[in-house]
Amino acid sequence: MERTKNYVLKLPFLHLLSTFDNGMDALIYLKSNKVDLIFLDINLGEVSGMQILEAGNINSEVIIITAYNEFALKGFELNVTDYLMKPYTFERFLRAVEKAQANLAKGGTTSDRGYIFIKTEYRLEKVLLNDILYIEGMRDYRRFHTTGKRIMTLQTFKELELAIPSNIICRVHKSYMVSLDKIESIERDLIKIKDVLIPLSETYKKRFYELINHLKK
């Protein structure tokens, strides 16, 4: 699983909680810890990855990793997110992660816990979703404007859109995401938050108004 660990550490929107080289320890951990995404190797000693899935009560997104394609059908019967065959490339790994992130966003997992972790400088910083006013693109960086401070990150808008449900914070321009509940007014394709006017571009206008209209109901 060293390849998987290295790939996880390359993605700033993933936060590695723990790793296990045997199924029993993994199962014990999952019984008492909430996990959004599991990378599950089939070969885990006495308790296999498949046995962990069959044990039930796992509400996480699961990406199976194995060298044996005969487990693919069984894995999908158990509703896994994706299936990576060894050896797999970083590009293939990223596609599987994006699928899991999209599922999590649709399910509102990030919304339920009320925060995200942002990679800034050499640390991961916890940011409450309710504190975010808007996110601004600045060349290679994204700047989080919150009620208490500003935070710079190299995470892309694509990564942030996958990590944050759009019914909370949505993209409105190639250089902006806004917190819907912080909007004070919308006039002539300009969104006002505090004393800042944020442009609403044609590309994102239809989806933005769909979200706004849904919130009004």
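Visitor: Which residues does Gly114 touch, not counting residues up to four places away in sequence?
Guide: This is a predicted model: local features need pLDDT of at least 70, side-chain atom pairs count only at pLDDT 80 or more, and totals for chains, interfaces and linings use all residues. Residues are numbered from 1 along each chain as its sequence is written, and side-chain values use heavy atoms, with hydrogens and water left out. Contact means heavy atoms within 4.5 Å. With residues up to four places away in sequence set aside, Gly114 touches Val127, Leu128 and Leu129.

Visitor: What separates the C-alpha atoms of Gly114 and Leu128?
Guide: Along the chain, Gly114 and Leu128 are 14 residues apart. Leu128 is one of the residues that Gly114 touches. Their C-alpha atoms are separated by 6.0 Å.

Visitor: Is Gly114 buried, partly exposed or exposed?
Guide: Gly114 sits in the loop between α6 (109-113) and β4 (115-120). Helices (H or I, at least four residues) and strands (E, at least two) are DSSP runs, numbered from the N terminus. Buried means under 20% relative accessible area, exposed over 50%, partly exposed in between (1.4 Å probe, protein chains only). The relative accessible area of Gly114 is 24%, so the residue is partly exposed.

Visitor: Why does Ser201 count as buried?
Guide: Ser201 lies in the loop between β13 (196-199) and α8 (202-216). Its contacts include Val172 and His173, not counting residues up to four places away in sequence. Ser201 counts as buried because its relative accessibility is 18%.

Visitor: How many residues of β9 are buried?
Guide: β9 spans 169-173 and is an edge strand. The strand is mostly covered. Of its five residues, the number buried is five.

Visitor: Which residue is the bridge partner of His173 in β10?
Guide: β9 and strand β10 (residues 176-179) pair in the antiparallel sense over four bridges. Two strands pair if DSSP finds at least two bridges between them. A hairpin through two residues joins β9 to β10. In β10, the bridge partner of His173 is Tyr176.

Visitor: What is the order of the open sheet of five strands?
Guide: Its pairing is antiparallel. The order is β8-β7-β6-β10-β9.

Visitor: Which residue is the bridge partner of His145 in β8?
Guide: β7 covers residues 141-146. β7 and β8 pair in the antiparallel sense over four bridges. The partner of His145 in β8 is Arg150.

Visitor: Which residues form a nonpolar patch on the surface with about 280 Å² of accessible area together?
Guide: Patches are made of residues with over 30% relative accessible area and no salt bridge; like charges are joined within 9 Å, nonpolar side chains (Val, Leu, Ile, Met, Phe, Trp, Tyr) within 5 Å. A salt bridge is a side-chain nitrogen of Lys or Arg within 4 Å of a carboxyl oxygen of Asp or Glu, and accessible areas come from the Shrake-Rupley method with a 1.4 Å probe, where for residues only the protein chains shown count as cover. At 40% relative accessibility, Tyr141 counts as partly exposed. The nonpolar patch is formed by Tyr141, Met152 and Leu154.

Visitor: Which residue in β3 is the bridge partner of Ile63?
Guide: Three strands form an open sheet with parallel pairing, in the order β1-β2-β3. Its edge strands are β1 (37-41) and β3 (82-85). Four bridges join strand β2 (residues 61-66) to β3. Ile63 has as its bridge partner in β3 Asp82.
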